[in-house]
Amino acid sequence: MKLLSNFLVRSIGLVLIGVVLCGCVKDVDLNQKEEISLSPDVQIDLLIYDIDQSQFKDPSTGNIKTHISDTVRLEFLDDDYIQKDLASVEFYFRHINTFPREINSEIRFLSDANQEQFAVNYVIKPGTAGNPVTTEQFEFIEEDRIHLVRRTIKMVVELEVQPGSSKFEGELDFASKGLFSFEF
């Protein structure tokens, strides 16, 4: 009798598990697999630097240069997933300034042939050693301009010091990031 009750319990258990499993699979439409899309976001540091007054001095004369620039290659922009699946990008630029003058910032994005694709221009507010001033700038690029990012491989950062007090000492910290959104 005990053997028969164990058999019945196991049999009923197996039948219930089979019904549950069939019930779960019944509503799955495997033809929908083409409609599945993933939309991950990836945040990438682009360029970070800290400069002081020595980078603004002309080594031959010792005078203040009003214009400095640097170019970096953004090799990851040439990857297949950027070229095919990039949906939008939000660029973020931040300067922390202790120089007592305004500084014009121009960030240009260039193709491999040095053709400008787009630029982000803004003024960095003056600060002091005891009172650093933060300037933030955002640039959002959506579907209608995403081809410009796909054609970009270089980022040029240009700084132009504006006239002001004769004393020119301080630091300028820069950080830039891109929030890249994809649709796979």
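The side chains of Arg108 and Glu158 meet in a salt bridge, with N to O at 3.4 Å; the term stands for a side-chain nitrogen of Lys or Arg within 4 Å of a carboxyl oxygen of Asp or Glu. Arg108 belongs to strand 4 and Glu158 to strand 7 (residues 154–161), so this pair ties together parts that are 50 residues apart in sequence. Strands here are DSSP runs of E with at least two residues, and helices are runs of H or I with at least four, both numbered from the N terminus. Glu158 is buried, at a relative accessible area of 14%, where buried means under 20%, exposed over 50%, and partly exposed in between (1.4 Å probe, protein chains only).

A word on the model: it is predicted, so local features need pLDDT of at least 70 and side-chain atom pairs count only at pLDDT 80 or more, while totals for chains, interfaces and linings use all residues. Residues are numbered from 1 along each chain as its sequence is written, and side-chain values use heavy atoms, with hydrogens and water left out.

Side chains of opposite charge can pair when their charged atoms come close. A search of the whole structure finds six salt bridges, and the table shows some of them.

| Pair | N to O distance |
|---|---|
| Arg108 and Glu158 | 3.4 Å |
| Asp45 and Lys177 | 3.5 Å |
| Arg73 and Asp112 | 3.1 Å |

Let us take Arg73 and Asp112, whose closest N and O atoms are 3.1 Å apart. Arg73 sits in strand 2 (residues 67–73) and Asp112 in the loop between strand 4 (103–110) and strand 5 (116–124), so parts 39 residues apart in sequence are tied together. Arg73 is partly exposed at 41% relative accessibility, whereas Asp112 is exposed at 53%. Together with Glu75, these two residues are linked in a network of salt bridges.

Next come Asp45 and Lys177, whose side chains meet in a salt bridge. This pair links distant parts of the chain, 132 residues apart: Asp45 is in strand 1 (residues 41–52) and Lys177 in strand 8 (residues 171–182). Asp45 is partly exposed at 47% relative accessibility, and Lys177 is partly exposed at 29%.

Finally, the surface carries a patch of negative charge where Glu142, Glu143, Asp144 and Glu183 gather. Such patches are made of residues with over 30% relative accessible area and no salt bridge, with like charges joined within 9 Å. Glu142 is in the loop between strand 6 (133–141) and helix 3 (146–150), and Glu142 is partly exposed, with a relative accessible area of 45%.

Methods:
Patches are made of residues with over 30% relative accessible area and no salt bridge: like charges are joined within 9 Å, nonpolar side chains (Val, Leu, Ile, Met, Phe, Trp, Tyr) within 5 Å. Accessible areas come from the Shrake-Rupley method with a 1.4 Å probe; for residues, only the protein chains shown count as cover. Lys and Arg count as positive and Asp and Glu as negative; His and the chain ends are not counted. The place of a charge is taken as NZ of Lys, CZ of Arg, CG of Asp or CD of Glu.
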